[in-house]
Amino acid sequence: MSGLRIPLDGPDGSGTDHALSLLAPNPSPMTLDGTNTWVIGRGEDVLVVDPGPDDGPHLRRVADHLRGRRVTAVLLTHGHHDHSGGAKGFAELVRAPVRALDPGHRLGDEGLADGDVLTVGGLELHVVGTPGHSFDSLCFWLPEDRAMLTGDTVLGRGTTVIAPDGDLADYLRSLDRLRATAERVGAEALLPGHGPVLPDPIGALDGYIAHRRQRLDQIRSARERGARTPAEIVEIVYADVDRSLWPVAEMSVRAQLAYLDG
């Protein structure tokens, strides 16, 4: 891969030769610096992945960046609002369909499914089904750049929360699949939905898998010590985490308990 871009001042403008991140202004503990909107392609036709929240200035900035290039489709890694809220407005702005796994987030006749291959300007973009963070999570493999767009399945910093519409068993299988795929195809970068580009895909995925296994062991240990409710487990397992994040940690614990007791 020639040309991994990792700006010193954050994710905006980062990416690879054929994928550029434009950062949405929605920073938070959950979204890190904000949502990365990805523009795929350098020719007259491009794809846009995850327009982000319904934020008019951001959507117009993405459209202005295109300088008249045609958006053949807007793609969603999943339907959570910080990725999809602006999809309809952006699609109307650039006159493009919205393609997603969940029919409820589509605008047009075509969806997305595992194994689909999209083409734009001579580039291929392969759809990889990665349920877990949410039921409809997808990743996109860009072979020309040996890069995988990971949405919320793998973040640029920290770890992913299993949302109420997700499932930890699915997520662990998705991580294993991504790890095997990254090794098989020689991936050189992960392009996340939040946070900076990850230039060591194998290392990042190994870290994610190890972290999940460690958390499950910690929850088993907390139960052995008498913790029963998710809140009691959070107090033990997440004692070193800022208390303002404990409600999010409790959501994660519930997902892990469902996995352990399933």
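# Helix α1, its sheet and two further sites

The buried residues of α1 pack against β2 (19-23), β3 (36-40), β4 (45-49), β5 (70-75) and α3 (87-94). Packing here rests on contact, meaning heavy atoms within 4.5 Å. Helices (H or I, at least four residues) and strands (E, at least two) are DSSP runs, numbered from the N terminus.

This is a predicted model: local features need pLDDT of at least 70, side-chain atom pairs count only at pLDDT 80 or more, and totals for chains, interfaces and linings use all residues. Residues are numbered from 1 along each chain as its sequence is written, and side-chain values use heavy atoms, without hydrogens and water.

**Exercise 1.** Find which residues of α1 are buried, and where they lie on the helix.

*Solution.*
- Apply the cut-offs: buried is under 20% relative accessible area, exposed over 50%, partly exposed in between (1.4 Å probe, protein chains only).
- In α1 (residues 56-66), the buried residues are His 58, Leu 59, Val 62 and Leu 66.
- Look down the axis of α1: these residues fall within an arc of 100° (taken from the directions from the helix axis to the C-beta atoms), so they line one face of the helix.
- Turn to the other side of α1: Pro 57 and Asp 64 are exposed there.

**Exercise 2.** Give the strand order of the sheet and name its edge strands.

*Solution.*
- Two strands pair if DSSP finds at least two bridges between them.
- The open sheet has 6 strands in the order β1-β2-β3-β4-β5-β6, with mixed pairing.
- β1 (15-16) and β6 (98-99) each pair on one side only, so they are the edge strands.
- β4 and β5 pair in the parallel sense over 5 bridges.

**Exercise 3.** Determine how α5 and α7 are oriented to each other.

*Solution.*
- Axes are lines fitted to C-alpha atoms, for helices over the stretch in contact; angles run from 0 to 180 degrees between N-to-C directions.
- The axes of α5 (residues 201-224) and α7 (residues 246-261) come within 11 Å and cross at roughly 80°.
- Under 35 degrees counts as roughly parallel, over 145 as roughly antiparallel, 65 to 115 as roughly perpendicular, the rest as oblique.
- α5 and α7 are therefore roughly perpendicular.

**Exercise 4.** Is His 194 buried or exposed, and which side chain does its own side chain join in a polar contact?

*Solution.*
- Locate His 194 in the loop between β11 (189-192) and α5.
- At 0% relative accessibility, His 194 counts as buried.
- Its side chain has a polar contact of 3.0 Å with that of Asp 82. A polar contact is a pair of N or O atoms within 3.5 Å; within protein, one must be able to donate a hydrogen and the other to accept it, and residues adjacent in sequence count only if both atoms are side-chain atoms.
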